[in-house]
Structure formats: C-alpha cells, structure tokens
Amino acid sequence: MPERRLAVIVLAAGQGTRMKSATPKVLHRLAGLPLIQHVLETAGALSPDHLVAVVRHERDLVVASVLESSPAALIVDQDETPGTGRAVEQAVAALPADFDGDVVVVSADVPLLDHGTLADLLHQHRGDGAAATLLSAVLADATGYGRVVRRAGGDVDRIVEHKDADEAERALGEINSGTYVFTVSALRTHLPRIGSANAQNEKYVTDMVGLLTAADEKVGARVVDDAWRIEGINDRVQLAAAARRLNDRIVEHWQRAGVTVVDPQTTWIDRDVSLSADVEILPGTQLKGATYIAAGAVVGPDTTLVDTEVGEGAVVTRTDATLAVIGARASVGPFSYLRPGTVLGVAGKIGTFVETKNAEIGDGSKVPHLSYIGDTEVGRDSNIGAGTITANYDGVNKHRTQVGSHVRTGSHNVFVAPVRIGDGAYSGAGTVVRKDVPAGALALSIAPQRNASGWVEANRPDSAAAEAAARAERTTD
C-alpha cells in the first residue's frame, strides 16, 4: 500500500440549533471532554502532517477548545457560503500548495468514531487507489441521513441527502456517515464545481461523490459493523445516548483491569480518570476530570470526585470532593464536602457533615463531626472537636489558622484567624480562640457557670417545667 502525506479536516462551523443551547454544540461535554476534543484526539492518532479545523459559530470559544487539545492545528474561518462543501474547499485552500497526499474529512459532532475505524478506512482507500472512500453504515431506520446510492454492480454511484431524496432513495438503508478520505487532487479539481441547487441551498461535500463517479474516478465505501461509532450528536437526546454508550465502554475497561464496579448503571467515569486494581466503586458514584484512585480504596456510594486523588486503602463515603488529595488509609464521610485545596494525610479523617477548603490536615489527624475548616493547617495526630469553625474571613481578606500536632480541641470551638494553636495544646468546649495558644496550654474563654435557683418557678409558674421541678424538689426533700 502506498504511503502518502496526510491531512485531516475537522468540520466544526455548524450552529447546532437542535441542541437549543447557548453553548456551541461541539463544546458540549462527553465523559469530561468537549465533543470536538474527542474528534481531534482521534484525528491526531493518525499522525497527520496537517490538522485543520473549520470554524464559524461562536468562533473564539471553539478555537480555544481546538488549540487546547491540538496546539498545532490550523484554524480556517468559513465564509458566508454555507455547507460542508464550502468548508472543505476553504480548508483545502489553506493547505500548502505542494501538499499532494490524502485528506480525511471528519465532523466535530461524531465523538465515538475511533482511531481504528479511521485507520481501516484510510488503509482501504489507499489500497484501492480510490479518489474517494466514504464510511457508511446500514440502519433499520435511516431517517434524516444521506443515503448511499450504488450502481447495479455494487459500486458507489452518489450520495443523496434525505431532504433531496425521492421515495425509492429514502427506502435505502445504507447511510453516509459524513466521514471521508479524498485524494487532494480530486478535491482541488472538483470542489469548485459543486453547486447549491438543493433543498438547503448549501454546497454539499457529498456532491463530490457524484462528480467523481461521473468522471470515472473510483469511489469506495467501507461499511462499519457498529453503526453507533458514526452517529452524530444533534440534540440532547443523542448526547445522552452517546454518553451512556461511552460510559459503558469506560466502565467495562476498568472492570477488566481489576476494578470492582458494583453497579455500572449508576457509576459514571470520565475518560481521563485513572484507577488502580482492586479499587471498589459503589453505586451512585461519579468520577470526573483527572481523578486518580489508588489500589484498595473504596469509593461510594453516592460520591462525586472531581480532579481528586485518593490514596491506597482509603474509604470515601457519600462525599463531594473537588481538587482534593485524600491520603492512604484515610476516611472521608459520610456527607463530607471537600473543596479545592483540601489535603488529608495518611490515616486521617474528615467525618460527617464536615466542610473543608484550602486545608491541610496532617497524618492521623481527625475532623470527625459538624465542622468548617477553611484556610487551615493541622499537624499530625490532632483531633478537632465537633462543631468547630475556623473563622477565616474578616469581610475583606482571608486568614489562616495553624493547629499543631497532638492538639485536642473541645466541641463548639471557633478559631478566629489568624491564630496559632501550639503543639500538644487543648481547648475547652465552647471556646472562642482569638489569640495564639502556646504549646501545651489549655485555652478557655468561657465565664464561670452561674445557676439562678428558682428561676422557672418565678418566671414560668404554670408551665409543665415548673410542675416537673416542683416534683423533683419534693422527691429530693
């Protein structure tokens, strides 16, 4: 098979009105990535000499996403002439004049198309010496798709769009996927000849097929076995269906790699998540972004982790965490909220109804109950009492609280930052700490308790409490 230079054109100019969204269609996310980045990654796996993205609608947003994924991509702005034919024509014009290879054309809204399918298409195209080769599929219901019309001997004759098809053509089940390989010479020769006399008054790249066959140029087609690989995303229903299919594949991949997923139907794993063997994922769990979970950890149920690292043997239950680090053998949850900058040390604990933010909690230290710990450093083997608040904001600036190692703080404490609690210090229940506590000291800020005898009888004489108190006094007497 001859090896030739390669260019890939990604069509990303469409508005995607059926999404009914302020977000450009190609920027809607699937398994954590915009649709277009899935396509760019697949295109890049072919190692093309040139990668071209054709843009128009919400141009700047789309370009930013393209360059994030493929910094070397060439950006082409589609002009006022509508249609895929015009988009490809402008992209080809942007290629170097001496480029003489093949051109793969893909759509930015077909995210499940994989590298292997594209590579097979290119291999067939080059092996057949074709001027064009298209990717097709056979569907039970082909409504809305362009139909592949073949000659009596089985060769491809033309493609007709659904809106332009007659009754016999609409009865055909083989559809055009919108993915092609052309020789660049064929494109340069025939693209200028494409007109717009059709139902949508657009220049269709599909018209290339009819022009090539009329000129006795060879046009091939490769039928994919799995039609879902070439399905485009045009509305939210199709987006959800693609998300489910891709997630099923991701979950299965991790199961075969040694991860226990108790309920695949309620477990969602983004494409960039990394899991080790012997991780256990319980129902209702979402793993997003670049989350990493080490061997032996148990996550879930009902847990969402975003860009979060979980250490070996940790247990994370009913927790929402973003940009957090959870140490080996640590315990988090249930009902914990870990905000960005949370770092929990080895064998540490963040417990029930605890919120943390920009907080470093050392090895073996615990924040077990009902607390807010923000902009805080906690040393090793300290225990933060239930109901503790680090008051880190003065209305203008954030301040830090520093808690040493082997500290024991009482319940319902407030640490008014900036403040430092030294190693080995204690604080009493209900203490408001407004100044530094020396190492080994006991901090107290409460007044001595005073009991006003007879208060209920004097102030609530006819209440049930007064009657109960009177009975208790008679019993005591």
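Trainee: Which element gives the largest share of the lining of the second largest pocket?

Mentor: Keep in mind that this is a predicted model, in which the second largest pocket holds about 300 Å³ of space. Its lining is made up of 14 residues, and H38, E41, L246, R249 and R271 are those nearest the centre. Two elements, α1 (35-44) and α8 (236-256), each supply at least two residues of this lining. The largest share, five residues, comes from α8.

Trainee: How far apart are the end C-alpha atoms of α8, and what span should its residues give?

Mentor: The helix α8 has 21 residues, and at 1.5 Å a residue these should span 30 Å. The distance between its end C-alpha atoms agrees with that expectation, because it is 30 Å.

Trainee: Within what arc do the buried residues of α8 fall, seen down its axis?

Mentor: The residues of α8 that count as buried are L239, A242, A243, L246, N247, I250, V251 and W254. On the face turned away from that buried side, α8 carries the exposed residues V237 and R256. The buried residues line one face of the helix, because, seen down the axis of α8, they fall within an arc of 165°.

Trainee: Turning to the largest pocket, which element gives the largest share of its lining?

Mentor: The largest pocket contains about 1,600 Å³ of space. It is lined by 46 residues, with R18, K25, T84, D109 and N234 closest to the centre. The elements that give two or more residues to this lining are β1 (6-12), α3 (84-94) and β10 (174-183). The largest share, which is four residues, comes from β10.

Trainee: Is G404 buried or exposed?

Mentor: You will find G404 in the loop between β30 (401-403) and β31 (414-416). In space G404 is 7.3 Å from R380, C-alpha to C-alpha, although 24 residues separate them in sequence. Its relative accessibility is 11%, and because the cut-off is under 20%, G404 counts as buried.

Conventions
Residues are numbered from 1 along each chain as its sequence is written. This is a predicted model: local features need pLDDT of at least 70, side-chain atom pairs count only at pLDDT 80 or more; totals for chains, interfaces and linings use all residues. Side-chain values use heavy atoms; hydrogens and water are left out. On a 1 Å grid over the protein atoms alone, a cavity is a set of points where a 1.4 Å probe fits but cannot get out, and a pocket is an open set with protein on both sides within 12 Å along at least five of seven lines; lining residues have an atom within 4 Å of a point. Grid points are joined across faces, edges and corners, and a volume is the space filled by probe spheres set on the points. The expected span of a helix is 1.5 Å times one less than its number of residues. Buried means under 20% relative accessible area, exposed over 50%, partly exposed in between (1.4 Å probe, protein chains only). The arc is that of the directions from the helix axis to the C-beta atoms.
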